[in-house]
Amino acid sequence: MKDKVSIIVPIYNVEKYIERGIKSLIAQTYKNIEIILVDDGSPDNSGKICDKCAKKDTRIKVIHKKNGGVSSARNVGLEKSTGKYIMFMDGDDYVEEDYVDYFVNLINKLDVLVAFNSSFFSIYTPNQNKKIENTIIDNTKAMEYIYLGKVNEAVWNKIYSRKFFDNDNIRFNEKIWYGEGMLFNIEILQFVKNVGLGNRKVYHQVYNTGSAMRKFNLESNYCGIKSLDLQKEKMINPTKEVLTAWSCHRRQFNVSILTGIIKNNLQDEYKEEYEKCIKNLKKDVSLPLKVDIPIKSKIVSILISINPKLFIGLKIKKEKLKVSKYGRLN
């Protein structure tokens, strides 16, 4: 029999999306799975939908708990899981029918303990990659890729061996609700030498306008910065390249905060933060030139540093056009 795979899904206020996600897991071509749905005290009908789905498939386990945040929900799922491998899906997303098959084959073929995917379907990337590649990278390159955005920082679209949770006792930091996935991944990467990397899209990230991730929250950005600082503390002998990529990612939080402020016309309300972020961007305009990102990204970053209001405004308009054009796909 094939090894069991546990798929953990934290659920909160996703009644419009969760049934589609669950159905996509039930339809997996890889049958030896357990689907762990963690209802994190959701005030809508998400929990009831989970219970209804569980009656139709014995592989589904539903856990109802008091609201404690996404990290707490995932940790409860980890405690209840029994699979040799662990995967995650967000409650408003869904996956291709060979999502699990693809990752299990990836981790076995490349003989690694963890495998990431550099691509996924979204409103920004609606088409499948034309060239499909599988490769092995070392842990330092994997960290660098995460900080530079070449691999998404989240825990979905990845597969993990149970070893990390039983032997290394890795868990989600329940005080971190933004950047929690990045912190989790960076900690795991301290315990491996190599990482499997694929690029065939099998995961659909849905553009949920009601998601907290889509709304500007200054405290969430500060939480993300705290997560980054914790990551640096956990690094074991990081290379110069990793530290530079880390610095570049931390610098980008200034852009994130400015984007939220400008997009929501909050310049007066957050005047101090607005001016501080502009000042921070001008401190080291050349930092993006020191990392391995496309020339276009380097130019955009420098232009934003020179005139944040103008170029972030253009960035916001471009995003709105993409949402308008591709949002219907979700």
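A search of the whole structure, which is a predicted model, finds 14 aromatic pairs. One of them joins Tyr 99 and Phe 103, whose ring centres are 5.5 Å apart with planes at 75°, so the pair is edge-to-face.

- Tyr 99 and Phe 103 both belong to helix α4 (residues 99-109), where they are four residues apart, about one turn of the helix.
- An α-helix has 3.6 residues a turn, so residues three or four places apart point the same way.
- Tyr 99 counts as buried because its relative accessibility is 0%.
- Phe 103 likewise counts as buried, at 0% relative accessibility.

**A pair across distant parts of the chain**

- Phe 216 and Tyr 270 have ring centres 6.1 Å apart and planes at 80°, so this pair is also edge-to-face.
- The pair links distant parts of the chain, 54 residues apart: Phe 216 is in the loop between β10 (203-204) and α8 (218-234), and Tyr 270 is in the loop between α9 (240-263) and α10 (271-283).
- Phe 216 counts as partly exposed because its relative accessibility is 23%, a value that is not under the 20% required for burial.

**Ring cluster and charges over rings**

- Ring pairs connect Phe 88, Tyr 160, Phe 164, Phe 165, Phe 172 and Phe 184 into a cluster.
- Over the face of Phe 88, a member of that cluster, lies Arg 74, at 6.0 Å from the ring centre.
- Lys 158 places its charged end over the ring of Phe 116, 5.2 Å from the centre of that ring.

**Nonpolar cores**

- In soluble globular proteins, nonpolar side chains tend to be buried together.
- The largest nonpolar core here has 42 residues, and those with the most contacts inside it are Phe 88, Phe 116, Tyr 147, Tyr 160, Phe 184 and Leu 189.
- Helix α9 gives the most to this core, with five residues.
- Another core, of 36 residues, lies apart from the largest one; among its residues are Val 5, Val 9, Tyr 30 and Tyr 85.

**The buried side of α2**

- In helix α2 (residues 46-54), the buried residues are Ser 46, Gly 47, Ile 49, Cys 50 and Cys 53.
- These residues cover an arc of only 160° around the axis, and therefore lie on the same side of α2.
- The elements covering the buried residues of α2 include β1 (5-11), α1 (18-26), β2 (33-40) and β3 (60-65).

Technical notes. Residues are numbered from 1 along each chain as its sequence is written. This is a predicted model: local features need pLDDT of at least 70, side-chain atom pairs count only at pLDDT 80 or more; totals for chains, interfaces and linings use all residues. Side-chain values use heavy atoms; hydrogens and water are left out. Rings of Phe, Tyr and Trp (its six-membered ring) pair if their centres lie within 6.5 Å; planes under 30 degrees apart count as stacked, over 60 as edge-to-face and the rest as tilted. Helices (H or I, at least four residues) and strands (E, at least two) are DSSP runs, numbered from the N terminus. Buried means under 20% relative accessible area, exposed over 50%, partly exposed in between (1.4 Å probe, protein chains only). A charge sits over a ring if NZ of Lys or CZ of Arg is within 6 Å of the ring centre and within 35 degrees of the ring normal. A nonpolar core is a set of buried Ala, Val, Leu, Ile, Met, Phe, Trp, Tyr and Cys residues joined through side-chain atoms within 4.5 Å. The arc is that of the directions from the helix axis to the C-beta atoms. Contact means heavy atoms within 4.5 Å.
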